[in-house]
Amino acid sequence: MTTLLRIDASIRVEGSVSRALADSAEAAWKSEHPDGVVLRRDLGLQPIPTGVWAALIGAQFGQPVPNGASFADAAEAKELAETLINEFKSADAVLLAVPLYNYGIAQHVKTYLDVLLTDQELLTGGGQVAGRPVIFTLARGGGYGPGAPKEGWDHATPYLSRIFGEVFNMKVRIAAAELTLAPVTPGMEQLIDASKVSQQEAHSTAEEHAAEVARILTTTAA
């Protein structure tokens, strides 16, 4: 039996494209691997307190936690960090659903990654997670591809790819939908059809990635 860790980051539930893409990926994974276990971590609805990282680093270097930190107890911070790190390390595959907020990742995603990066094994090559699959289901409100006015403004995808692909040495697969704000944003009406196409393609890609990962894990476990 293998485990898929699903991490959602959208602050929305209804209407969230990144969550919908992750739903498609999860359904495909379950179809191929019905005996697998899905663990869930919802950073959007239950964010990690921002002071956890400060408490961990402060304890590491023997420094007091800054005044006003939202999570100042070092022992509790360490316990939470151990839970997050062990959960991440124990997963056979990771499904990460992240929307692009203000051209980057949201604070609660960065806080989660900062906590993971306090683990020396993860920080220096990934350790036991190296080589494991991670699927990104990404939602971008605008267009950021080659030739688009905002080309190069997506600072989330490169960062996530660096951390998971080059720091943790995991095998990254990406399913991304663009122009997701076209149906609700004045001035983007002419892009609604392109938005629908992008989402359809992203759902198909998410399903293909998840099915492939499930088949690989099933074969490896056999």
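Five nonpolar, two polar and three charged residues make up the lining of the second largest pocket. The model is predicted: local features need pLDDT of at least 70 and side-chain atom pairs pLDDT 80 or more, while totals for chains, interfaces and linings use all residues. Residues are numbered from 1 along each chain as its sequence is written, and side-chain values use heavy atoms, without hydrogens and water.

**Stop 1: the second largest pocket**

Select L56, I57, A59, Q60, K78, A81, E82, I85, T118 and D119, which line this pocket. Helices α2 (51-60) and α3 (74-90) each supply at least two residues of that lining; helices are DSSP runs of H or I with at least four residues, strands are runs of E with at least two, and both are numbered from the N terminus. The space here is about 160 Å³. A pocket is an open set of points on a 1 Å grid over the protein atoms alone where a 1.4 Å probe fits, with protein on both sides within 12 Å along at least five of seven lines; lining residues have an atom within 4 Å of a point. Its volume is the space filled by probe spheres set on the points, which are joined across faces, edges and corners.

**Stop 2: the largest pocket**

Next, select L100, Y101, G141, T180 and L181, the closest to the centre among the 19 residues that line the largest pocket. Its volume is about 400 Å³. The lining has nine nonpolar, eight polar and two charged residues.

**Stop 3: the aromatic cluster**

Now select F88, F136, F164 and F168, which form one aromatic cluster. The whole structure has six aromatic pairs, where rings of Phe, Tyr and Trp (its six-membered ring) pair if their centres lie within 6.5 Å; planes under 30 degrees apart are stacked, over 60 edge-to-face and the rest tilted. F136 and F164 pair edge-to-face, 5.5 Å centre to centre with 75° between the planes. F136 is in strand β4 (residues 133-139) and F164 in helix α6 (residues 156-167), so this pair ties together parts 28 residues apart in sequence.

Is F164 buried or exposed? F164 is buried, at 0% relative accessible area; buried means under 20%, exposed over 50% and partly exposed in between, with a 1.4 Å probe and protein chains only. F164 also pairs with F168: the ring centres are 5.5 Å apart and the planes at 90°, so this pair is edge-to-face. F168 is buried at 0%, and F136 is buried at 0%.

**Stop 4: a charge over a ring**

Finally, select K150 and W153. K150 lies over the face of W153, 4.7 Å from the ring centre; the criterion is NZ of Lys or CZ of Arg within 6 Å of the ring centre and within 35 degrees of the ring normal.

Notes: Nonpolar A, V, L, I, M, F, W, Y, C, P; charged D, E, K, R; others polar.
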